[in-house]
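The sequence and the model are shown first, and the description follows.

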Amino acid sequence: MINTLYLPELREMLETGDADGLREFCTALHPARTAEFMEGLTASEAWAVLQVADPQTRTEIFGFLEDDMQVEIIETCDPEAVSQLIADMPADDRVDLLNEVDAAVVQELLPLIPPEERRDILRLQAYPEGTAGSVMTTDVARLPEALTVRQAIDEISLQAEDLETIYYIYIVDDENHLRGAVSARQLLTHLGKPNMPIADLMERDLVTVEATDDREAVASKVAEYDFLAIPVVDHEQHLVGIITHDDVIDVFREEATEDALRMAAIGAMTEDYLDAPFSTIWRKRSAWLACLFIAELFTFTALAYFENAIAAVLVLSLFVPLCISTGGNSGSQAATLITRAMALGQVGPREWWRVLRHELMMGVALGLTLGVIGFVRGFTTPQSLLDSTEHLDVATEVLLPADVKMEFTDSGVELPVGAQVLQKKITQPALVSIPEGTKVELVHSLEDSSIFRLPAQSNIRYPSNIRWQLAFVIAQSVAAICLWGTLVGSMLPLLFRAIGFDPGYASSPFVATFVDVTGIVIYFTIAHAWLLQ
């Protein structure tokens, strides 16, 4: 939400040319707060405000403006002044910004940027996206190893104004090979020994990364060692830059956002949610949803295959959502855990067997837990749902042996054991409800049998004693599907990583869709074994 608190005053100062007021506005608050209060301004208005600030303050405030605002300022404002602003920015930030700017504008600006900064920009732009080189900064505090503590402090005091950070000071030889590092704290605590060579203080066993390393792996390494910055070297150990902790935070945020979107079956997005064009969000969401919808059509095929089983024991259809959702939930849970473990470097494709064993035991334990709950729910199913009902579209005749009598009730009749209807022999008393205003008619009465006619639109309810069997079916199906979902959810991210895909694509909707289809097959296969033999 745009902060409009100071907008009227800012526009008034711009209209009246109040440079002193604008200068005070730029310096009175933290640059981030100043940029926040400028959000409601247009690009030209924001640039006019920045013009009154000194170069350092201007650069700091500009760095906190929204990305779209920064790009618009670069593309629309005075190229001469903009090129100087770019030159004053931290090396990594200006490269990231120029990557978002129109290529024609960049080509126009580059000749206006001082040669040293221009070469630095071109060098950093040459690194592929996603590598350490693409997020590092070349503003590094570096010293020759021949200096003493006093000389080192004097030299750093001269460099500090142009550096992004001086937490660590890197020691290099005459050919810029990285030899070691000292911290600013070490130098200050040894001020009492000003003639001590910094070579005696520096740490020589350094953790480094190469410029071509994957940025996510680099970020994990910085987090693992709790570094404030990590040196970046080339294959010959020349110091080419550093990656600071704020860049690592950005990497983790971008990677986490990307993984979250992929696990929700949404394509990668760089725009803010409310600022992104409707068509962009529709395209990214609809593409995945369409694919998943098509995949879910296989559930229709699976249910159609078991049509006879559903017709024979109608109550089975009521438990379908319960059973297949169990597989989707357990699979999504496992996929999330494994994806996170892979992101933290805890497991990889080579540990698939250990993961499989672990999830096999976990799937069995979870399946037994849910299976007990499913057993209780299946056993407590109302008898009315267990009984099967047959609807008679036309008048139907019932054959009764001479020694069997039919009991009449208020709403119909009770067919006794031994009666035959639709060529089926009644093995348990069955209740027939008939439409209001109709009656059961006697058609023939013979010595050994009688024939009655049931009116059309009657319903025959056959009592069922499958309560225990149904409970076992639900319990076993839930346990088996939970185990299957857990195994699928844990193995898919490992498989995707092994074949070169991002594990985030093993998303919860993807796992749930796959387990839904296979879960139906598992459920009705078990039901067939218990109830339909």
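Which residues does S450 touch, not counting residues up to four places away in sequence? In this predicted model, S450 touches V398, L399, L400, L442, H444 and S445. S450 is placed in strand β15, which spans residues 449–454. Its relative accessibility is 17%, and because buried means under 20%, S450 counts as buried.

**The sheet around β15**

Strand β15 belongs to an open sheet of five strands, whose order is β12-β11-β8-β15-β14 and whose pairing is antiparallel. The edges are formed by β12 (424–425) and β14 (441–445); each has a single partner strand, so one side of each is left without a neighbour in the sheet. Strands of a sheet pair through backbone hydrogen bonds, either parallel or antiparallel. Between β14 and β15 the pairing is antiparallel and comprises four bridges. H444, one of the residues touched by S450, has I451 of β15 as its bridge partner.

Strand β5 (residues 229–233) has five of its five residues buried, so it is largely enclosed by the rest of the structure. Both of its faces are covered: A229, P231 and V233 are buried on one side, and I230 and V232 are buried on the other.

| Strand pair | Sense | Bridges |
|---|---|---|
| β4 (residues 209–210) and β5 | parallel | two bridges |
| β5 and β6 (residues 239–244) | antiparallel | five bridges |
| β14 and β15 | antiparallel | four bridges |

Individual residues can be assigned to these pairings. E210 has V233 of β5 as its bridge partner, while P231 is bridged to I242 in β6. Strands β5 and β6 form a hairpin with five residues between the strands, and in this hairpin Q237 takes a positive phi near 70°.

**Helix packing**

How do helices α8 and α10 pack, and at what angle? Helix α8 (residues 91–100) packs against helix α10 (residues 115–125) at an angle of about 70°, and the two axes are 10 Å apart. Because angles of 65 to 115 degrees count as roughly perpendicular, α8 is described as roughly perpendicular to α10. The crossing of α8 past α10 is right-handed. On the α8 side, the contact is made by A91, D92, R94, V95, L98 and N99, and on the α10 side by E117, D120, I121, L124 and Q125. Sorted by class, this contact has five nonpolar, two polar and four charged residues. An α-helix has 3.6 residues a turn, so residues three or four places apart point the same way.

Helix α8 also takes part in covering another helix. In α5 (residues 55–64), the residues T57, R58, T59, I61 and F62 are buried. The elements that cover the buried residues of α5 include α2 (19–28), α3 (31–37), α4 (43–51), α6 (67–76), α7 (79–88) and α8.

**An exposed loop residue**

Is A146 buried or exposed? A146 has a relative accessible area of 69%, and because the cut-off for exposed is over 50%, A146 is exposed. This residue is found in the loop between β1 (142–144) and α11 (149–159). From A146 to D387 the separation is 241 residues in sequence and 93 Å in space, C-alpha to C-alpha.

Methods:
Residues are numbered from 1 along each chain as its sequence is written. This is a predicted model: local features need pLDDT of at least 70, side-chain atom pairs count only at pLDDT 80 or more; totals for chains, interfaces and linings use all residues. Side-chain values use heavy atoms; hydrogens and water are left out. Axes are lines fitted to C-alpha atoms, for helices over the stretch in contact, and angles run from 0 to 180 degrees between N-to-C directions. Angles under 35 degrees count as roughly parallel, over 145 as roughly antiparallel, 65 to 115 as roughly perpendicular and the rest as oblique. A crossing is left-handed if the near helix is turned anticlockwise from the far one by less than a right angle, and right-handed if clockwise. Contact means heavy atoms within 4.5 Å. Ala, Val, Leu, Ile, Met, Phe, Trp, Tyr, Cys and Pro count as nonpolar, Asp, Glu, Lys and Arg as charged, and the others, Gly among them, as polar. Buried means under 20% relative accessible area, exposed over 50%, partly exposed in between (1.4 Å probe, protein chains only). Two strands pair if DSSP finds at least two bridges between them.
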